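Follow this walk through one chain with the model open beside you. It starts at a loop and then works through the helices and the cores.

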Amino acid sequence: MNILFVNCCIRGEASRTMGLCRAALEEIRAKYPDATIQELCLDQEEIRPLHSDTLARRNALEHQKDFSDPMFRYAHQFAEAEIVVVGAPYWEYQFPALLRCYIEHISVNGVTFAYGEDGRPHGLGKGERLFYITTAGGPILDRNCGFDYLKTLLSNMMGFTKLDYVAAECTDVIGYPVEEELQKAEARLREQIRNWD
């Protein structure tokens, strides 16, 4: 089994989100001891938004069905993963822009998805499960826009059928029991992973 950890924890190991991600990866290793886990740290990659030149070049290569260019490396890696774990802080009701740039690079017609005769996209990769992990300075309530966006994209375009998340909230609220909130979030994510089928 191939598992991809998309690390968008901008503050590195000091990130509260990263702490939860490390606990999740520990639990995943225990559940799938023979799995291969790849970590892609977006903060260490040269990922830039698509612009007119790169988009035109990519579209030309897609039209030729030539996906050997290094610009498609993220899409190929994503397509090979059966489980994708995404760790990203809750910023501006969503996630850091770096993750959005990555999504542009993995959304490749002919690698991770294709359009059917009815005009609807369908997945080409092995991906089935998304596990999204985030921490928020305040309450998320019904505004988990980052997870909602990824859930929509991956289920509608790429064929993912199992989409879950765990969040720790109010981690910047003065007087809030932050450590207790993080411990509860860790317990929830461990329980979710243990119950995966």
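Start with glutamate 92, which counts as exposed at 69% relative accessibility. Buried means under 20% relative accessible area, exposed over 50%, and partly exposed in between, using a 1.4 Å probe and protein chains only. Glutamate 92 sits in the loop between S3 and H4. Its phi is near 50 degrees, a positive value in a residue other than glycine. Helices (H or I, at least four residues) and strands (E, at least two) are DSSP runs, numbered from the N terminus.

A word on the basis. This is a predicted model, in which local features need pLDDT of at least 70 and side-chain atom pairs count only at pLDDT 80 or more, while totals for chains, interfaces and linings use all residues. Residues are numbered from 1 along each chain as its sequence is written, and side-chain values use heavy atoms, with hydrogens and water left out.

Leucine 141 belongs to another loop, between S6 and H5. Phi of leucine 141 is near 55 degrees, again positive in a residue other than glycine. At 61% relative accessibility, leucine 141 counts as exposed.

Now turn to H4. Of its 10 residues, 7 are buried, so H4 is largely enclosed by the rest of the structure. The buried residues are Leu98, Leu99, Cys101, Tyr102, Ile103, His105 and Ile106. What covers them includes S1, strand S2 (36-41), helix H2 (52-64), H3, S3 and H5. Contact here means heavy atoms within 4.5 Å.

Cysteine 101 is found in H4 and is buried, with a relative accessible area of 11%. Leaving aside neighbours within four places in sequence, cysteine 101 is in contact with Ile47, Arg48 and Pro49. Cysteine 101 and isoleucine 47 are 54 residues apart in sequence, yet their C-alpha atoms are 6.6 Å apart in space.

How does H4 pack against other helices? Two packed helices are described by the angle between their axes and the distance between the axes. Axes are lines fitted to C-alpha atoms, for helices over the stretch in contact, and angles run from 0 to 180 degrees between N-to-C directions. Angles under 35 degrees count as roughly parallel, over 145 as roughly antiparallel, 65 to 115 as roughly perpendicular and the rest as oblique.

The axes of H3 and H4 come within 7 Å and cross at roughly 85 degrees. H3 and H4 are therefore roughly perpendicular to each other. Tyr74, Ala75 and Phe78 of H3 meet Tyr102, His105 and Ile106 of H4. The residues of this contact divide into 5 nonpolar, 1 polar and no charged. Ala, Val, Leu, Ile, Met, Phe, Trp, Tyr, Cys and Pro count as nonpolar, Asp, Glu, Lys and Arg as charged, and the others, Gly among them, as polar.

H4 and H5 pack at about 5 degrees, with their axes 13 Å apart. That makes H4 roughly parallel to H5. Leu99, Arg100 and Ile103 of H4 contact Tyr149, Leu150 and Leu153 of H5. This contact between H4 and H5 has 5 nonpolar residues, no polar and 1 charged.

Which residues touch the most other members of the largest nonpolar core? In this core of 30 residues, they are Leu42, Phe78, Leu99, Tyr102, Leu130 and Met158. Strand S1 (2-7), helix H3 (73-80), strand S3 (83-87), helix H4 (97-106), strand S6 (129-135) and helix H5 (145-156) each give two or more residues to this core. H4 gives the most, with 6 residues. A nonpolar core is a set of buried Ala, Val, Leu, Ile, Met, Phe, Trp, Tyr and Cys residues joined through side-chain atoms within 4.5 Å.

Methionine 158 shows the contacts of one member. Leaving aside neighbours within four places in sequence, methionine 158 is in contact with Phe78, Ile106, Ser107, Thr112, Phe113, Gly123, Gly127 and Leu153.

Finish at H6. Val178, Glu181, Leu182, Ala185, Leu189, Arg190 and Ile193 of H6 are buried. Helix H1 (16-31), S6 and strand S7 (162-168) are among the elements that cover them.
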